[in-house]
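Subject: Structure handover and notes

Dear colleague,

I am passing on the structure below, with notes on what was found in it. Please read the notes with the model open.

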Amino acid sequence: NLLYFLSKYLNHYLPINVGVSENTLKAYNDTFKLLFLFAKEKYKLKPNKIDLETINKKFLLDFSNWIVNSRKCSNTTKNLRMSNIKAFFSYIQSEVPGLSLHSQTILQIPKTKEHRKIIEYISVDGMKLILQQPNKETIIGKKHLVILSFMYATAARVQETIDVTISDFKFSNNDSIKLTGKGNKARLVPL
């Protein structure tokens with residue numbers, strides 16, 4: 001029961017109907033791998049012995065505590081795992097209307113409040129120090145200097161920097177670069 005719908009959800013619904021990215025799909029897969037590991041450790045259940053009703057509010061609250069206490073994950077990670085499971089049960093509501101009440105119970109589990117840290121910035125002197133680190137006498141050092149300077153000037157994330165191609169550069173009256181970030185969201189940054 002669970003494995004059938006989970007397979008349909010991960011292999012068809014998310015990639016084809018919703019069009020999620022590979023990274024998002026990987027996060028969902030990781031969530032359910034952890035859920036199966038938890039079921040095995042805590043309840044001695046193999047994946048083929050878990051049905052949709054097994055995953056109830058108590059089960060998921062135990063799972064979320066296990067993520068924090070046994071796996072030493074943050075509340076942010078716990079909330080992400082729980083939101084992935086909730087998304088699956090939102091899908092289950094439309095696939096198995098008879099489990100709507102069960103799904104609603106799961107969807108109503110509240111998120112854990114997070115205390116967000118204040119993001120510090122690098123001072124101008126700190127950035128100068130970083131940019132002095134690459135050896136400018138070698139080709140590799142020059143390449144590292146260009147990459148660091150580019151990331152600083154554009155506020156690009158590492159993955160955004162890696163994904164940049166020549167076609168992302170726009171040279172006209174307003175020179176700019178297109179950076180594609182999380183969720184394939186793109187932004188134009190002046191150069």
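Which residue in strand 3 does Thr-180 stand opposite? The residue is Ala-186.

First, the terms of reference. This is a predicted model, in which local features need pLDDT of at least 70 and side-chain atom pairs count only at pLDDT 80 or more, while totals for chains, interfaces and linings use all residues. Residues are numbered from 1 along each chain as its sequence is written, and side-chain values use heavy atoms, with hydrogens and water left out.

The sheet

Helices (H or I, at least four residues) and strands (E, at least two) are DSSP runs, numbered from the N terminus. Three strands form an open sheet in the order 1-2-3, with antiparallel pairing; two strands pair if DSSP finds at least two bridges between them. Strand 1 (169–170) and strand 3 (186–190) are at the edges with a single partner strand each, so one side of each has no neighbour in the sheet. Strand 2 (residues 176–180) and strand 3 run antiparallel and are joined by five bridges. Ile-177 has Val-189 in strand 3 as its bridge partner. The hairpin of strand 2 and strand 3 has five residues between the strands, and Gly-183 in this hairpin takes a positive phi near 70°.

Helix 7 (residues 139–154) lies across strand 2 and strand 3 and runs at about 90° to strand 2. Axes here are lines fitted to C-alpha atoms, for helices over the stretch in contact, and angles run from 0 to 180 degrees between N-to-C directions. Contact means heavy atoms within 4.5 Å.

Nonpolar cores

A nonpolar core is a set of buried Ala, Val, Leu, Ile, Met, Phe, Trp, Tyr and Cys residues joined through side-chain atoms within 4.5 Å. Buried means under 20% relative accessible area, exposed over 50%, and partly exposed in between (1.4 Å probe, protein chains only). The largest core has 31 residues, of which Leu-60, Phe-63 and Phe-88 touch the most other members. Helix 1 (2–18), helix 2, helix 3 and helix 4 each supply at least two residues of this core. Helix 2 gives the most, with eight residues. Apart from this core lies another, of five residues, including Ala-156, Ile-177, Leu-179 and Val-189.

Phe-88 is buried, with a relative accessible area of 0%. Not counting residues up to four places away in sequence, Phe-88 touches Leu-2, Phe-5, Leu-6, Tyr-9, Phe-32 and Leu-52.

Aromatic pairs

There are 16 aromatic pairs in the structure. Rings of Phe, Tyr and Trp (its six-membered ring) pair if their centres lie within 6.5 Å; planes under 30 degrees apart count as stacked, over 60 as edge-to-face and the rest as tilted. Phe-38 and Tyr-43 make an edge-to-face pair, at 5.8 Å centre to centre with 80° between the planes. Phe-38 counts as buried at 1% relative accessibility, whereas Tyr-43 is partly exposed at 32%. The pair of Phe-88 and Phe-89 is also edge-to-face, because the ring centres are 5.4 Å apart and the planes stand at 80°. Phe-89 counts as buried at 1% relative accessibility. Ring pairs link Tyr-9, Tyr-13, Tyr-28, Phe-32, Phe-88, Phe-89 and Tyr-91 into a cluster.

Individual residues

Most residues other than glycine have a negative phi. Lys-44, in the loop between helix 2 (22–43) and helix 3 (57–69), has a positive phi near 55°. Lys-44 counts as exposed because its relative accessibility is 70%. Lys-72 has a positive phi near 60° and is found in the loop between helix 3 and helix 4 (75–95). At 66% relative accessibility, Lys-72 also counts as exposed.

Leaving aside neighbours within four places in sequence, Lys-86 is in contact with Ile-106, Leu-107, Ile-109, Pro-110 and Lys-111.

Gly-126 is found in helix 6 (residues 124–131) and is partly exposed, at a relative accessible area of 24%. Gly-126 and Ile-16 are 110 residues apart in sequence, and 45 Å apart in space from C-alpha to C-alpha.

Regards
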